[in-house]
Amino acid sequence: MSDAPNDTVLLVEASARKSGSTSRELARRLLGRLVPKRIISRDVADGLPIVTGDWVNANFTLPENRSAHHRQVLELSDSLVEELRAADTIVIATPIYNFSVPAALKSWIDLVARAGLTFRYTENGPVGLLEGKKAYVIVTSGGTPVRSDIDFASGYLKHVLGFIGIHDVEIIAADRLVPAPENAEAARVSIDAISAHTLAA
């Protein structure tokens, strides 16, 4: 990882809406404040394959024993892991769909949470391998209150990031936008305050 905290930012977006998406708009606002030298964009809403038996078999085959077919099956997953490794800061922008993350974002998680690459097993339990990174998680919802008992998205994402070693995670919420559209503006203010602090550090 580089010395500057925001040299490379990985942006992961999950909203099915390409236009009119609050999570996408807030992500762009945050990127504008972080001013990274390099942005790696991964729009998972474009579609990612789900984990299959073929993928599992390839993943659990020792690297030195993998066939050309195994390597082909894991090629996208390997690329996604490399994007994470290359990033100093990760920005995940996602809506809440039916109380949790979109299926496409879950597929991304399944493809990057890999033993030996992003975490490892020890006698004391799993240990994340992507330490020293910062993550911002932008979560939007139409009606689900973020951090409530029916929000199975924000806590899950924070746990997954911690599992792979990213413990400095900041949640930016623009929730309940149907009854309270003003919450989007509150999120914009939060982003401006966060980025101002980051740039001053």
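View 1. At 46% relative accessibility, Arg 28 counts as partly exposed, that is, between the limits for buried (under 20% relative accessible area) and exposed (over 50%), with a 1.4 Å probe and protein chains only. The model is predicted: local features need pLDDT of at least 70, side-chain atom pairs count only at pLDDT 80 or more, and totals for chains, interfaces and linings use all residues. Residues are numbered from 1 along each chain as its sequence is written, and side-chain values use heavy atoms, without hydrogens and water. Arg 28 forms a salt bridge (a side-chain nitrogen of Lys or Arg within 4 Å of a carboxyl oxygen of Asp or Glu) with Glu 13, with 2.7 Å between the closest N and O atoms. Because Glu 13 lies in strand S1 and Arg 28 in helix H1 (residues 22–34), the pair ties together parts 15 residues apart in sequence. Helices (H or I, at least four residues) and strands (E, at least two) are DSSP runs, numbered from the N terminus. Glu 13 is buried, at 4% relative accessibility.

**View 2. Arg 29 and Asp 192.** A salt bridge joins these side chains (3.1 Å, N to O). Arg 29 is in helix H1 and Asp 192 in helix H7 (residues 183–200), so parts 163 residues apart in sequence are tied together. Arg 29 is partly exposed, at 24%, and Asp 192 is partly exposed, at 26%.

**View 3. Glu 82 and Arg 85.** Their side chains form a salt bridge (2.8 Å, N to O). Both residues lie in helix H4, 3 residues apart, about one turn of the helix. Glu 82 is partly exposed at 43% relative accessibility, as is Arg 85 at 36%.
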